[in-house]
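User: I am new to this structure and would like to go through it in questions and answers. Please keep the answers plain.

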Amino acid sequence: MTLAQPVIPSGITHADAVIRVRDLQKRYGEVQAVAGIDFEVGRGEVFGLLGPNGAGKSTTIEILEGLRTQDAGEATVLGLDVRSQASALKERIGVQLQTAALYPRLTVREVLELFASFYTSSVPPDQLIEALDLGERRNAQTRQLSGGQRQRLSVALALVNDPELVFLDEPTTGMDPAARRSLWELVRGLRAKGRTVLLTTHYMEEAEELCDRLAIMDHGKILEIGTVDQLVGRRFTERTVRYERLPGIDDATLAAFPGVTRVAHEDDEATLLYTRDVAGTIGALLGAAEALGVEPRGLGIRSPSLEDVFLALTGHAIRD
Amino acid sequence: MHTLVRLTSANLKSFTRDRAAMFWTLAFPLVFILLFGAIFSGGTSRFTVAWVDGDGSPSSTALLSNPALANVFTLKTYATADDAIAAMKQGDVRAVLVIPKGFGSAIASAGAVGGAALPLTVYTDPSNQQVSGTITGIVASLVGGFNQAASGRPPILALQTQTVQSEAISAVAYLVPSILAMALMQLGLFSAIPIVEQRESLILKRIAATPIKRRTFIAANVITRLLIGLIQAVVILAVAQVVFGITLLGNPFVFAGIVVLGALAFIALGYVVASFAPTEDSASQMVSILQFPLMFLSGIFFALESLPQVLRSVAAFMPLTYLGDALRQVMVGGTPFVPLGVGVGILAAWLVGCFLISARFFRWQ
């Protein structure tokens, strides 16, 4: 069983780490939001924190931005201690917060100019307006923007000081697919310029498309770190047969099908059979179903993805 | 410095684009002044004027029934100019008219005797220009009439004007500084709303992620409010002057200083509210609840001497009492509740107290 594999710790050690986190902890009352995590992010990497809401991603990112103070552990960003050197740090990082409400009665351009004045050096607002495709809305008050436009403005604000390191907290939430793709292009452009990006997301596709490396978080802990290929390959050498659950066939029967290495259920609705012999497994499944006088519905074959890794690691789907 | 200017201008833009905020801070006090001014200034077409006859001749006595005076003034006779001036200071009369000795013989000789014109003196109150202008104008036309009758000759009479600061001030003059004080109080208290709104909508959090200092951010908010307060003061002064003829008597810089101090004290109180109000809604409720006792238990709408002892003691704690009193002393005069220095000291104490409380309890997230 692949589940028995040990969790691989913090991954690569970078000589040129832009972020170093060691045993970071943060508690809110009864809730241990961050329960001792370690990771490093190298210069020029796009690093993703992947996990469901409440996993501790935002708390982690806000500690690294100097907005919250950790209870224990060490965190350095761009060589600066996040606790004692926060103000020097803020000059050099770009920050996008999850909820973006910004001076409702100022225009897009005015907000960008205002934020540009907070930094010693800044990018011309018009350049950011073009880059984030807000040209048509440059003179609109921010309260008149759509959710996606507001999100793009908040990303533009994160880039106003031409930062070495950009934090994006759920950057594509509320965006339509086209806007999401154009944001991905923007992030790839940042990487091409040698900038480092730390982003949080609960979109598997975004993590797969964008991130050089990922940390999978749940309940305040990092479960595993690596590239998408490493995370998938480490855990799955098999493919997945998925179908709508048939209560008449028990897990022991399923596990005895040819090639099946593991049986899992998704939200009590679908059954997943991890197998090294797709044809044999499907043949056995159809046979068992026929014996019951039913037909498996929604039958499909998948190569394993991050979704499967997440499910295997946490026992639940990310959207729970 | 650049950042402070940018932030202040962003705040001012946000304010001027918010019609509701504009109405409550600028239009509402004016509506108040015009409304109450119209009520209290009714029936001022006939002024009571003190009459001091220094001559006692038939000509001077005849003046008492001269229609140019009798039809427009209620004339009240006093024996001496000093008595009349004392009555004016107490507010019994609006002006004093002194007929000089030798008036009768000057009229009789109608300028045949060469020599200087006889001075006819009128005492008016400069704090109410509308009234003093009207009275002076009427007396001037009377003097002109006598001089005209002796046309071609040297003038018989010369109008001499004197000012007397009346300590009893008119209801409107009492009201105008009160309304300015009230407007400054609301301006300050209501500064709680935008800052709580910014905290609630996470603008404060986003600002905290930039390198600007918290004190720069707060300073910009306070400067914005002060600028709005000064604009309110100018608008209220202008309306009081144009509509009611009430002018600023005292030093304009002292006046501006009191406006700033008063605004700061109430802005600090607004930040105390912002420190304890979790949401914008609760901040508006706290502000509404606070403003009524602050307003009506203070001495800004009634002279404190006219209140029962219990209310007077309460009013003696209210910052608005002292802001109204200080503004009134500088704007229109009148009997002070406490000397200006004491009022300023008490306002400063409120400012420091509220500042310390909000510095201790204000939350950014």
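User: Which residue is the bridge partner of B:Val49 in strand 3 of chain B?
Analyst: This is a predicted model. In it, strand 1 of chain B and strand 3 of chain B pair in the parallel sense, over 5 bridges. For B:Val49, the bridge partner in strand 3 of chain B is B:Ala95.

User: Which residue is the bridge partner of B:Ala95 in strand 4 of chain B?
Analyst: Strand 3 of chain B is joined to strand 4 of chain B by 4 bridges, and these two strands run antiparallel. In strand 4 of chain B, the partner of B:Ala95 is B:Thr124.

User: Are the residues of strand 3 of chain B buried or exposed?
Analyst: From this strand, B:Ala95, B:Leu97 and B:Ile99 point one way, while B:Val96 and B:Val98 point the other way. The strand is mostly covered.

User: What is the order of the strands in the open sheet of chain B, and which strands stand at the edges?
Analyst: The open sheet has 5 strands with mixed pairing, in the order 2-1-3-4-5.

User: Which residue of strand 2 of chain B is the bridge partner of B:Thr48?
Analyst: Strand 1 (residues 47-53) of chain B pairs with strand 2 of chain B in the parallel sense, over 6 bridges. In strand 2 of chain B, the residue that partners B:Thr48 is B:Thr74.

User: What angle does the direction of helix 5 of chain B make with that of strand 3 of chain B?
Analyst: Helix 5 (residues 81-89) of chain B packs on the sheet. The helix touches strand 1, strand 2, strand 3 (95-99) and strand 4 (118-124) of chain B. Its direction makes with that of strand 3 of chain B an angle of about 170°.

User: Turning to chain A, which residue in strand 4 of chain A is the bridge partner of A:Arg22?
Analyst: Strand 1 (residues 17-28) of chain A and strand 4 (residues 72-77) of chain A run antiparallel and are joined by 5 bridges. The partner of A:Arg22 in strand 4 of chain A is A:Glu74.

User: Which residue takes a positive phi in the hairpin of strand 4 and strand 5 of chain A?
Analyst: Strand 4 of chain A pairs with strand 5 (residues 80-81) of chain A in the antiparallel sense over 2 bridges. A:Thr76 stands opposite A:Asp81 in strand 5 of chain A. The hairpin has 2 residues between the strands, and the residue with a positive phi near 55° is A:Leu78.

User: Which residues does A:Val111 touch, not counting residues up to four places away in sequence?
Analyst: The largest nonpolar core has 83 residues, and A:Val111 is among the members that touch the most other members. Its contacts are A:Leu102, A:Tyr103, A:Leu106, A:Thr142 and A:Leu153.

User: How many residues are in the second, separate core?
Analyst: This core includes B:Tyr174, B:Ile179, B:Ala181 and B:Ile246. Its number of residues is 62.

User: How many nonpolar residues are on the side of chain A that touches chain B?
Analyst: The contact takes 19 residues from chain A and 18 residues from chain B. On the chain A side, helix 2 (86-92) and helix 3 (108-116) of chain A are the elements that give two or more residues. By class, that side has 3 polar and 5 charged residues, and the nonpolar ones number 11.

User: Why does B:Ser9 count as partly exposed?
Analyst: B:Ser9 lies in helix 1 (residues 2-16) of chain B. Inside 10 Å it has 17 C-beta neighbours, which lies between the cut-offs of 12 or fewer for exposed and 20 or more for buried, so B:Ser9 counts as partly exposed.

User: Over which residues of chain A does pLDDT stay under 50?
Analyst: Chain A averages a pLDDT of 88, and 94% of the residues score at least 70. The stretch under 50 has 20 contacts in the model beyond four places in sequence, and it covers residues 1-11.

Key:
Residues are numbered from 1 along each chain as its sequence is written. Chains are lettered from A and ligands numbered from 1 in the order in which they are written. This is a predicted model: local features need pLDDT of at least 70, side-chain atom pairs count only at pLDDT 80 or more; totals for chains, interfaces and linings use all residues. A nonpolar core is a set of buried Ala, Val, Leu, Ile, Met, Phe, Trp, Tyr and Cys residues joined through C-beta atoms within 7 Å. Two residues are in contact if their C-beta atoms, placed from the backbone, lie within 7 Å. Two strands pair if DSSP finds at least two bridges between them. Axes are lines fitted to C-alpha atoms, for helices over the stretch in contact, and angles run from 0 to 180 degrees between N-to-C directions. Ala, Val, Leu, Ile, Met, Phe, Trp, Tyr, Cys and Pro count as nonpolar, Asp, Glu, Lys and Arg as charged, and the others, Gly among them, as polar. pLDDT is the predictor's confidence in each residue, from 0 to 100.
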